[in-house]
Amino acid sequence: MPKTLEKIATDKDPEFSSMVLYYYHKAAQVMEKELLKDMDKYSHFKPEEKQSRVSAILNLIGSTCTCLEVSFPIIKSNGSYEIITGYRAHHVRNRLPLKGGIRFAMDVDESEVKALAYVMTFKCACVNLPYGGSKGGIRIDPSKYTAKELQTITRRYTMELLKRNMIGPAIDVPAPDVNTGPREMSWIVDQYTKTFGHKDINAAAIVTGKPVHVGGINGRNSATGRGVWKTGDLFLQDKEWMDLLGWKTGWQDKKVIVQGFGNVGSFAAKFVQEAGAKVIGIQEAQFSLTNKDGIDINDLIKFKEEKKTIKGYSKAKESKENLLTAECDILMPCATQKVITSENAKDIKAKLILEGANGPTTPAGEKILLDKGVLIVPDMYCNAGGVTVSYFEFLKNINHVSYGKMYSKTSSQLIMEILNSINESLNSCGEGEFPNIVANKRLQMIQDCTKEADIVDAALQTVMEAAAAGIKMTANKFELCNDLRTAAYIWSIFKIFRALESSGISQQ
């Protein structure tokens, strides 16, 4: 552990970038002996040479290979001039293309985009996506600009990155992030198509998170929230892990509190409620909503669509209470960084925490929770649903065909004809009457899985299940007990390490 990071373990308010590096080095320390064993294949290496190679690769993973800062002027609608600053960071290019969002916020800086690029590398490796990690942003408050000004800023930022070969379908594929969405992604695609990508048949793949009519994918909007539910489900349905908490398996009657009711929080709340949990509280920045009998999430989503806020919702009690420390079984922080710290962790009642946001728990806060026996499903796995479905969108764009178009009807008819064939065979044997064989509920779901959104949802669940199996296996192998974050980092680092080690870490 570097000396500069040692204090992070007890720091009340560490920098996000320092938190990410601390978690990485903590995991690297645990797994270093295993990595050294991998070097035994080099029989001609001396012990010190093996150690040197392992250390070099770990140091490489712990660094950022590129971080670009660009500045450019714009003329605002009122005739004034302003200098805009943007960033794009590339972590280790162990896989190409790289993947990471673009955010518009006043706290965007070099340190933040580097840290988030690290997270994207680990996140993609965690869920077995063939991407490296990147992140970018523009330091603006988008509420202070008109739509026309935002379009000018987005297009100019795109050109600055393209001129330096920093983005492209085979280089780095951005996506929406804080204060950006399908609109901004459409502008980027259009700018690329009209300029550097005018001869690129895969031009639509330069970004993901686009509107469906511009090459986006059905199911992307709810993907991150659905992933939060699915990751929780994979532990809640596992008796071994629920025995650790002293719980029965399943969501039924579990009391849930959600911090943040944006895209991630609202969909996560919707899906856990549909699974049988009771959402008793929603925590927003300035107020909270509570209902001990459970809040109707679908009704609350409709209310928010109409009013653009959940404030004033009459079917729940509104207060200034901080719900992070309220009585509940499951806490889902889905809003912002560093909300669980050493100052409030000891008062948190939840036994299971699903991190829908990036970096909601500080190392000092996490240690207190782990010592209390709390199970934390870490952000790098828990909120990976978005990037997973972005990968499906990328594949859709480079394959130039939507999911289900070529085979869904055939698959559905195949199931129907198999059932018909069985019924015909039974009825033709002449040995009395047989009941008609029909599809059960699960088989009917498979037969009906013909729409793109259904296919994407099924694929997302498959990806999350495979990652959960790897994290659980790693936790058991290294005897990490309830420390799932370290297990997830180890699970990811092994794959990144081997990709770098096998392809060579320097030019020969």
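These are my notebook entries on a few spots I looked up in this predicted model.

**Ground rules.** The model is predicted, so I keep in mind that local features need pLDDT of at least 70, side-chain atom pairs count only at pLDDT 80 or more, and totals for chains, interfaces and linings use all residues. Residues are numbered from 1 along each chain as its sequence is written, and side-chain values use heavy atoms, with hydrogens and water left out.

**Entry 1: two helices.** I started with helix H1 (residues 16–38) and helix H3 (residues 110–126), which pack at about 35 degrees with axes 8 Å apart. Helices here are DSSP runs of H or I with at least four residues, strands are E runs of at least two, and both are numbered from the N terminus. The axes are lines fitted to C-alpha atoms over the stretch in contact, and angles run from 0 to 180 degrees between N-to-C directions. H1 passes H3 in a left-handed crossing, meaning the near helix is turned anticlockwise from the far one by less than a right angle. Among the residues making the contact, I noted Phe 16, Val 20 and Tyr 24 of H1, and Ala 115, Val 119 and Phe 122 of H3. Contact means heavy atoms within 4.5 Å.

**Entry 2: Val 279.** Is Val 279 buried or exposed? Val 279 counts as buried because its relative accessibility is 0%; the cut-offs are under 20% for buried, over 50% for exposed and partly exposed in between (1.4 Å probe, protein chains only). I found Val 279 in strand S7 (residues 278–283). Leaving aside neighbours within four places in sequence, its contacts include Val 256, Val 258, Ile 295 and Ile 297. Asp 293 is 14 residues from Val 279 in sequence, and their C-alpha atoms are 8.4 Å apart.

**Entry 3: loops.** Which kind of peptide bond runs from Leu 96 to Pro 97? I read this bond as cis, with omega near 5 degrees. Pro 97 sits in the loop between strand S2 (81–90) and strand S3 (98–104).

I also looked up positive phi values. Asn 128 is not a glycine, yet its phi is near 60 degrees; its place is in the loop between H3 and strand S4 (132–138). Asn 128 is partly exposed, at 41% relative accessible area. Lys 308, another non-glycine, has a positive phi of about 65 degrees. Lys 308 lies between helix H9 (297–307) and strand S9 (317–319), in the loop, and counts as exposed because its relative accessible area is 69%.

**Entry 4: Ile 418.** My last stop was Ile 418 in helix H13 (residues 408–428). Ile 418 is partly exposed, with 45% relative accessible area.
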